[in-house]
Amino acid sequence: MNTPLDVSFFPRDAKPLSSYRKYWAARFGTAKFLPTTRQEMEALGWDSCDVVIISGDAYVDHPSFGMAVIGRLLEAQGFRVGIIAQPDWQSAEPFKALGKPNLFFGVTAGNMDSMINRYTADRKIRSDDAYTPGNVGGSRPDRAAIVYSQRCREAFNDVPIVLGGIEGSLRRIAHYDYWQDKVRRSIVVDSKCDLLLYGNAERAIVEVAHRLAAREPVHAITDVRGTAFVRRDTPEGWFEIDSTDVDAPGRVDTHINPYLMVSEQARAAGATCSREEEAQAVADAANDTSVAVRMPAQAAKTVQPLQFVPNPALRGKGTVKVAPRDRSVIRLPSYEQVRADPVLYAHANRVLHLETNPGNARALVQAHGEGVTARDVWITPPPIPLTTVEMDQVFDLPYARSPHPRYADKQGSHDGETKIPAWEMIRFSVNIMRGCFGGCTFCSITEHEGRIIQSRSEESIIREVEEIRDKVKGFTGTISDLGGPTANMYRIGCKSPAIEAACRKPSCVYPGICQNLNTNHDALIRIYRRARALPGVKKILIGSGLRYDLAVQSPEYVKELVQHHVGGYLKIAPEHTETGPLSKMMKPGIGSYDKFKRMFEKYSEEAGKKQYLIPYFIAAHPGTSDEDMMNLALWLKKNGFRADQVQTFYPSPMATATAMYHSNKNPLRKITRDSEAVDIVRGERRRRLHKAFLRYHDANNWPVLREALKAMGRADLIGNGKQHLIPSWQPLTDGSYQSARRKNSSVSAGAAGEQSGAGNSQPRKGRLLTQHTGLPPRDNGSAPQQRSGKPRAGKPAAGKAVNAGATASRKVRK
């Protein structure tokens, strides 16, 4: 959608990023890299830092890494910013490396939630970390944001702590913790930070930094959007809306017989009608003149004028003024309540997700503790989205676009033993937008970035492509991605700014595409064509996930994408084939996938290219029955798909699907004690069964599947024919799991008694290897030459590292 660059869909009560007067330290100029040691500070002429950022990731000066974006943005505002990356958290000494910051510590666990980064969906410790040099795990603690905040407090207890990043965003209220299987307190309470900034925090961090620089106490900064903090009571002038319980039926009145007089109704209820008695007394007085003469005052008092009062049933519909949204706060059930009652947890989760539109969201408050220890966690409404001009300012900052020199290997390169995989993934990619209005319940993008699309200008995107071409070492002419959280939402939004600012729907594309959504892909098509026409650019690939139900609304876009921007494989995510789980995911039916597949194959054939779709599916998602997984397995076999990598539902904090997992309720609908229950896949045995259905072709899974199919009354699917799901015979296996990703595979003797996995480039002749979904069969060894290395499908597609934590719940590889 082509909107003017300076237009925001929301009231412009947000101060533009460029309108602040620069801090005095701007005289020091711009650093090639933000300093990480005292020596680097001295080389810049600094005696101290105004802000010190603590990060769980290695320092990569690139706009896809949060610490670099915040650091460069504050630098542009005139502040001296230092970075302490992946400090040793065993003591407070490493947190003193840059000295005492003049304004505040900025703390982040990194681009990924530290628990998702460290543990698999089965709660097993990962051996790798894509945000660490050499891909080595164990460089950050569990719950890094809490640990780092505590160490900062130990280092300098009088320095304010401002917490940010996706780990803070997803834990801003009391939340279910999958790894401890319990509800934990808000991270604001556990970390003891002074201020939490959630979401994309550019607007908030700039305002907070300038106010602290003006000597305003941090505890007085309570009016910045996109923040959370602790306070003891509700300040004067605020209207509190009680939502501490689910809706319950009110007092039930007796049905009134319209044919009875009022007095008869009263007598039937064992009472008298006072109004009728008053009327009778007035009539008697009027007939008795002596009484009227003697008691005029008493008779006058008996006659009362009619009093009109507003009808409570019409409250908020024009008869009574409601409290202004900017002074209203919704009180959620307390931490103690949601910890003890899963239904109230689901209710609180639903309320929070209903208050996420910056145009109409109200503040939220949740009590933690009781008695003298009671305190409230306040959450202000989400930040006003950045305009296109402001997005350009953020992405046009002077990033070095490479890891800090301290991570270079002996050759001075970052491509050897110290390579940082997350940087390698986005090294030649460009982020063109933010946000996602898809609303998938298992994904955390909306909770962090919001559902309002924030797009860069065409000129800014082209400048970054040219900068990659001219300055980034190792560029061979291929841009690995022009995308974002979703590849094809660039400049797409509501047709009406007024409607968008008032909308409370969690998704613009479920259960169908909203009639108010502009699905025009013309702006994106222009970007693709202009970028690939640049001198020195040979290929523009699209590596971000594609919203295919949106893409089919623009056949011209699909044609452009398929014929020019697919490198042989295109990843999309149907996630499932059955209505039950899809309705809990808020994903479109498989019919949308079929429509896109037909278009994909048609345009590939027209271009004379052999290209393949890579569909992803989720196992064990809430609302998925064993029969649903069986039907998905049958669909996979019918369509010739064999999945090497299986993704299992990962309950990330604050996601709607996580609330389903914990409460057995569906927060997509109104929560009551008797509301819809959701089938939850818990326990290692059942989760393994659902994964086994996705890998129906793996002989290690056949015993489990045979047992399950017999129990389900579907033994007819066991046999040696094409119509059967699994064979009746069983080769020799040891039950180990084999994956295209070497580190996710366990050593197995296998059917032939040999070691298997991605490490073997030469499989035994005639042996069947599994392959990723939709790919052509691999060489079985009969050809003279065997291509070594793992298949391209096993290679992680280029994506946005800034969204890695947000999407971990939907793209966990096992």
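This is a predicted model: local features need pLDDT of at least 70, side-chain atom pairs count only at pLDDT 80 or more; totals for chains, interfaces and linings use all residues.
The chain has 814 residues, and 56% of them count as buried. Its fold includes 28 helices and 23 strands. If you take contacts with a sequence separation of 6 or more, 75% of them link residues 24 or more positions apart.

**The annotated cysteines**

- Let's start with Cys436, which sits in the loop that runs between strand 16 (433-434) and helix 16 (445-449).
- Is Cys436 buried or exposed? Its relative accessible area is 11%, and buried means under 20%, so Cys436 is buried.
- Leaving out residues up to four places away in sequence, Cys436 touches Ile445, Thr446, Gly450, Arg451, Ile453, Thr486 and Met489.
- Cys440 is in the loop between strand 16 and helix 16 too.
- Cys440 has a relative accessibility of 12%, so it counts as buried.
- Which residues does Cys440 touch, if you skip those up to four places away in sequence? They are Arg547, Met585 and Lys587.

**Helix 17 meets helix 19**

- Helix 17 covers residues 458-471 and helix 19 covers residues 522-532; their axes are 10 Å apart, and they pack at an angle of about 30°.
- Angles under 35 degrees count as roughly parallel, so that's the label for helix 17 and helix 19.
- Helix 17 passes helix 19 in a right-handed crossing.
- On the helix 17 side, the contact is made by Glu458, Glu459, Ile461 and Ile462. On the helix 19 side, look for Arg526, Ile527, Arg530 and Ala531.
- Sort the residues of this contact by class and you get four nonpolar, four charged and no polar ones.
- Here's a handy bit of background: an α-helix has 3.6 residues a turn, so residues three or four places apart point the same way.

- Just after helix 25 comes Asn664, with a positive phi of about 65°.
- Helix 14 (residues 388-395) has six of its eight residues buried, so helix 14 is also largely enclosed by the rest of the structure.
- The buried residues in helix 14 are Thr388, Glu390, Met391, Asp392, Val394 and Phe395.
- Their cover includes helix 2 (66-76), helix 7 (202-213), strand 15 (429-431), strand 16, strand 17 (454-455) and helix 17.

- Tyr510 and Pro511 are joined by a cis peptide bond, with omega at about 5°.
- Pro511 lies in the loop between helix 18 (497-502) and helix 19.
- Arg123 isn't a glycine, yet its phi is positive, at about 65°.
- Where is Arg123? You'll find Arg123 in the loop between helix 3 (114-118) and helix 4 (144-155).
- With a relative accessible area of 37%, Arg123 is partly exposed.
- Arg143, another residue other than glycine, has a positive phi near 50°.
- Arg143 belongs to the loop between helix 3 and helix 4.
- Arg143 has a relative accessible area of 13%, so it is buried.

- Lys571 is part of strand 21 (residues 569-575).
- A relative accessible area of 21% makes Lys571 partly exposed.
- Lys571 and Ile614 are 43 residues apart along the chain, but their C-alpha atoms are separated by 4.5 Å.

How values were computed:
Residues are numbered from 1 along each chain as its sequence is written. Side-chain values use heavy atoms; hydrogens and water are left out. Helices (H or I, at least four residues) and strands (E, at least two) are DSSP runs, numbered from the N terminus. Buried means under 20% relative accessible area, exposed over 50%, partly exposed in between (1.4 Å probe, protein chains only). Contact means heavy atoms within 4.5 Å. Axes are lines fitted to C-alpha atoms, for helices over the stretch in contact, and angles run from 0 to 180 degrees between N-to-C directions. Angles under 35 degrees count as roughly parallel, over 145 as roughly antiparallel, 65 to 115 as roughly perpendicular and the rest as oblique. A crossing is left-handed if the near helix is turned anticlockwise from the far one by less than a right angle, and right-handed if clockwise. Ala, Val, Leu, Ile, Met, Phe, Trp, Tyr, Cys and Pro count as nonpolar, Asp, Glu, Lys and Arg as charged, and the others, Gly among them, as polar.
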